[in-house]
Amino acid sequence: MFDFLDEQADKHQITDADVRHTWKSNCLPLRFWVNVIKNPQFVFDIHKNSITDACLSVVAQTFMDSCSTSEHKLGKDSPSNKLLYAKDIPNYKNWVERYYSDISRMPAISDQDMSAYLAEQSRLHLSQFNSMSALHEIYSYITKYKDEILSALEKDDQARRQRLRCKLEQVIDTMALAS
């Protein structure tokens, strides 16, 4: 996902490192992890009382501040939750930077490796999902937005190299014959 964001930044000639950092922070840590931290009942079967909620809000705010590129000026009127971890935030920010840097240096996963991994996961969880229902939902979405999807696949360089538009058109044609 972060590679995609970097590619988009390059494509649109966005060289500001803060913008790239913000994109990455907004797409995974802030959209997903902060939500899980603040709302563990979404993932676990637990009751969250008001004290736990307040504590988790402090943790989530610290996490959000750690992902931010801006410096927060703290003073005597700053909220106590900001003051609590103020001295740790610079270290946490370095961790976030190193995380993004480490990911950018990782080798890209080949299509073959990704396919093998997905096939293995599918095999491991075969009894947990209704594949036909999932395929029907995907197909319904594709038929609804067929023109937009095909157009987007035609415009994307990587999709063109993999001939994804042609492959999708074949799937659509096959499904049309079957129904």
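Helices (H or I, at least four residues) and strands (E, at least two) are DSSP runs, numbered from the N terminus. The structure is a predicted model, in which local features need pLDDT of at least 70 and side-chain atom pairs count only at pLDDT 80 or more, whereas totals for chains, interfaces and linings use all residues. Residues are numbered from 1 along each chain as its sequence is written, and side-chain values use heavy atoms, with hydrogens and water left out.

In helix H6, Tyr92 and Trp95 are 3 residues apart and are therefore separated by about one helical turn. Rings of Phe, Tyr and Trp (its six-membered ring) pair if their centres lie within 6.5 Å; planes under 30 degrees apart count as stacked, over 60 as edge-to-face and the rest as tilted. The structure holds 6 aromatic pairs. Among them, the rings of Phe2 and Tyr99 are edge-to-face, because their planes stand at 90°, with the centres 6.3 Å apart. This pair links distant parts of the chain, since Phe2 belongs to helix H1 (residues 2-11) and Tyr99 to helix H6 (residues 89-105), 97 residues apart. Phe2 counts as buried at 7% relative accessibility, while Tyr99, at 38%, counts as partly exposed; buried means under 20% relative accessible area, exposed over 50%, and partly exposed in between (1.4 Å probe, protein chains only).

The aromatic pair of Tyr92 and Trp95 is tilted, with 5.4 Å from centre to centre and 45° between the planes. Tyr92 counts as partly exposed at 23% relative accessibility, and Trp95 also counts as partly exposed, at 45%. Finally, Phe2, Tyr99 and Tyr100 form one aromatic cluster.
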